[in-house]
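This report describes one protein chain, going from selected sites to the whole. The sequence and the structure come first.

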Amino acid sequence: MSRITTNEQRLWDSLMAMGEIGGTEKGGCCRLALTDLDQQARDLFVSWCKEAGCTIRIDQMGNVFARRAGRNNALPPVLMGSHIDTQPTGGKFDGVYGVLAGLEVIRSLNDHGIETEAPVEAAIWTNEEGSRFPPAMVASGVFAGVFDLEYGLSRADLDGKTIGEELARIGYAGDQPVGKPVKAYFEAHIEQGPILEAEETTIGVVTDAQGQRWYELTITGQEAHAGPTPMLRRKDALVGSARVVDRVNQIGLEHGPLACSTVGLMQVFPNSRNVIPGEVFFTVDLRHPDDSVLSEMDAKFRAYCDQMASELGLELQLEEIWYSPPVPFAEDCVSSVRQAAQALGYSHRDIVSGAGHDACYVARVAPTGMIFVPCEDGISHNELERAKAEDLAAGCNVLLSAVLNQAC
Ligand SMILES: [Zn+2]
């Protein structure tokens with residue numbers, strides 16, 4: 001296991017320089033996918049990679065691959081990467097850290113004159129956030145065969161502009177086919193949760209990503225006047241919804257500590273203070289890393305919805321709109337990360353990713369691992385997102401070791 005390390009200051013300076021492209025007054029970043037700002041950030045990354053001696057290839061989804069040649073370039077590359085698009089009120093670390101950590105690994109290999117057997121690549125995945133072009137992770141999804149190219153290119157923003165059109169406009173509609181053999185893929189990312197910081201642990205060895213089931217519910221009762229309608233004659237859609245919200249929360253607790261269950265959006269009709277609510281629309285999000293437990297949570301949730309509807313005489317429409325199975329990362333890659341953290345003397349723990357990442361799709365077609373580093377108060381998707389230079393460098397050092405372990 002190599003003990004060579006990366007350059008903390010250079011990584012930090014690169015992150016700060018990149019963060020200026022779309023930088024906000026509150027210290028965050030607003031760099032939506034395929035805007036002029038995304039183009040500037042891509043151009044900067046490409047120029048840095050060329051300075052580091054890399055060749056650049058861009059595929060038809062605009063994914064960018066910067067390659068540092070190996071001794072045997074017929075071998076599939078060891079790939080590192082993440083995304084540089086942000087939420088509208090995003091931070092300077094979510095995504096871009098994994099991209100620039102990849103570049104820092106390449107720069108460090110150059111500094112130390114290290115040759116690898118397989119080529120090593122740093123990648124940008126297009127439109128990970130999905131905030132301009134839903135759904136999220138669409139380009140890594142095409143790479144992994146989850147979506148076809150036609151679907152990916154035709155995703156549109158609120159103005160009707162498509163990914164394909166915007167890629168062409170900013171000069172990143174590449175000609176390479178989407179998808180290729182990859183020896184191993186590593187993604188470094190801020191945790192976006194509070195666990196590492198709370199436990200004063202530097203490295204999260206990501207073993208799995210949670211499975212997710214998303215639902216939309218409409219509960220229909222009867223609108224009526226809040227005064228003259230006796231309690232026992234009411235069909236109050238909000239009372240039924242409130243019961244479901246509480247049950248959803250209990251289901252998460254019953255399957256703790258790894259389960260998560262959330263109602264994040266609710267619309268009440270007619271939403272008037274003296275009208276008994278006649279209809280409520282809301283969403284439910286259930287997550288667990290073990291598919292059998294996720295199925296149990298699903299069954300409990302559905303059974304309760306039926307029970308509630310019949311008890312209260314309400315109509316229920318329940319639709320599952322998205323299912324993403326749990327992703328176990330490759331044992332070989334996970335142990336490369338764990339051993340690297342160990343050898344470098346960093347505190348570490350196994351951790352499950354609660355969020356989706358490009359790695360979750362890439363894992364379907366290549367052995368994949370992820371490295372988490374702490375972020376302040378676990379805050380992300382927020383302009384206040386912060387991470388410490390030393391933690392970011394630690395994650396980058398682990399990335400370097402894990403990559404050398406796979407590429408040598
Ligand atoms: Zn991210």
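## A residue of helix 9

Asp-298 is in contact with Arg-213, Tyr-215, Leu-286 and Glu-320, leaving aside its neighbours within four places in sequence; contact means heavy atoms within 4.5 Å. Asp-298 has its place in helix 9, which covers residues 291–312. With a relative accessible area of 12%, Asp-298 is buried. The classes are buried for under 20% relative accessible area, exposed for over 50%, and partly exposed in between, with a 1.4 Å probe and protein chains only.

Helices (H or I, at least four residues) and strands (E, at least two) are DSSP runs, numbered from the N terminus.

## Basis of the model

The model is predicted: local features need pLDDT of at least 70, side-chain atom pairs count only at pLDDT 80 or more, and totals for chains, interfaces and linings use all residues. Residues are numbered from 1 along each chain as its sequence is written, and side-chain values use heavy atoms, with hydrogens and water left out.

## The chain as a whole

The protein chain contains 12 helices and 16 strands. Its radius of gyration is 23 Å, which agrees with the value near 22 Å that a compact globule of 408 residues would have. The radius is taken over C-alpha atoms, and the globule rule is 2.2 Å times the number of residues to the power 0.38. Along the principal axes, the C-alpha atoms fill a box of roughly 80 × 45 × 40 Å.

Of the 408 residues, 52% are buried. Among contacts with a separation of 6 or more, 79% are between residues 24 or more positions apart. The accessible surface comes to about 17000 Å², and carbon and sulfur atoms account for 49% of that surface. These areas come from the Shrake-Rupley method with a 1.4 Å probe; for residues, only the protein chains shown count as cover.

How many of the 5 residues of strand 3 are buried? The count is 5 of the 5 in residues 78–82, so strand 3 is largely enclosed by the rest of the structure. Val-78, Met-80 and Ser-82 point one way from the strand, and Leu-79 and Gly-81 point the other way.

Strand 3 pairs with strand 4 (residues 120–124) in the parallel sense, over 5 bridges. Two strands pair if DSSP finds at least two bridges between them. Within this pairing, Val-78 has Val-120 of strand 4 as its bridge partner.

## Two further buried sites

Asn-63 is found in the loop between strand 1 (55–58) and strand 2 (64–68). Is this residue, Asn-63, buried or exposed? Its relative accessible area is 0%, so Asn-63 is buried. Apart from neighbours within four places in sequence, Asn-63 is in contact with Arg-57, Ile-58, Ile-124, Trp-125, Thr-126, Ala-139 and Val-178. Asn-63 and Gly-91, 28 residues apart in sequence, are 21 Å apart in space, C-alpha to C-alpha.

Ser-324 belongs to strand 13 (residues 315–324) and is buried at a relative accessible area of 13%. Not counting residues up to four places away in sequence, Ser-324 touches Gly-211 and Gln-212. The C-alpha atoms of Ser-324 and Leu-312 are separated by 32 Å, and the two residues are 12 apart along the chain.

## Backbone geometry in loops

Which residues are joined by a cis peptide bond with omega about 0°? Phe-269 and Pro-270 are joined in this way, and Pro-270 has its place in the loop between strand 10 (266–269) and strand 11 (275–276). The peptide bond from Gly-256 to Pro-257 is also cis, with omega near 0°. Pro-257 lies in the loop between helix 8 (237–254) and strand 9 (260–262).

Asn-271 lies in the loop between strand 10 and strand 11. Its phi is positive, about 60°, although Asn-271 is not a glycine. Asn-271 counts as exposed, at 62% relative accessibility. Asp-377, likewise a residue other than glycine, has a positive phi near 55°. Asp-377 is placed in the loop between strand 16 (368–373) and helix 12 (389–407) and is exposed, with a relative accessible area of 53%.
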